[in-house]
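Subject: Structure handover

Hello,

Here is the structure for your files. Please open it alongside this note; what was found follows directly below.

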Amino acid sequence: MKLKNRVIVWTVYLDSRRSRKLGRRIPRHLSVDNPKLEELVEAARILGLNPEPRPDKAYPRSWWDGSGYIVVDKKWPKQELIRKLAEEILKARRSSARTVTR
């Protein structure tokens, strides 16, 4: 599937539990533990990337795990885009953790 000015981002790209060989695309210290598709969609919304979730899809290297992916606007190079999404998810998790502990 060829997308013009759009990029596919699998949840696996951000998962700190995965190795690079199994699909993680960013350094482990920047990645997220077990990212959810909903978190990825929300992070993309915050960044203004017009996300289109595809929850029924499975990453080819882990076909049994239907984690899904999103299709987003390409505002930055793919590597930078993935890092920004991970940062947004981590920021959201920190703020929700603060809210719960108060």
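Arg25 lies over the face of Tyr13, 4.3 Å from the ring centre. For a charge to sit over a ring, NZ of Lys or CZ of Arg must be within 6 Å of the ring centre and within 35 degrees of the ring normal.

Some ground rules. This is a predicted model: local features need pLDDT of at least 70, side-chain atom pairs count only at pLDDT 80 or more, and totals for chains, interfaces and linings use all residues. Residues are numbered from 1 along each chain as its sequence is written, and side-chain values use heavy atoms, with hydrogens and water left out.

Now the rings. The structure holds three aromatic pairs. Rings of Phe, Tyr and Trp (its six-membered ring) pair if their centres lie within 6.5 Å; planes under 30 degrees apart count as stacked, over 60 as edge-to-face, the rest as tilted. Trp10 and Tyr59 pair edge-to-face, 5.3 Å centre to centre with 70° between the planes. Trp10 is in strand S1, Tyr59 in the loop between S2 and S3, so the pair links distant parts of the chain, 49 residues apart.

(Buried means under 20% relative accessible area, exposed over 50%, partly exposed in between, with a 1.4 Å probe and protein chains only.)

Tyr59 also pairs edge-to-face with Tyr13: 6.2 Å centre to centre, 85° between the planes. This pair again links distant parts of the chain, 46 residues apart, with Tyr13 in the loop between S1 and helix H1 (37–46). Tyr13 has 5% relative accessibility, so it counts as buried. Ring pairs join Trp10, Tyr13, Tyr59 and Tyr69 into a cluster.

Next, the strands. Helices (H or I, at least four residues) and strands (E, at least two) are DSSP runs, numbered from the N terminus. Two strands pair if DSSP finds at least two bridges between them. S3 (residues 69–73) is mostly covered, with five of its five residues buried. Strand S1 (residues 6–10) runs antiparallel to S3, joined by five bridges. There, Ile8 stands opposite Val71. Strand S2 (residues 52–54) is also antiparallel to S3, over three bridges. Arg54 has Tyr69 in S3 as its bridge partner.

Best wishes
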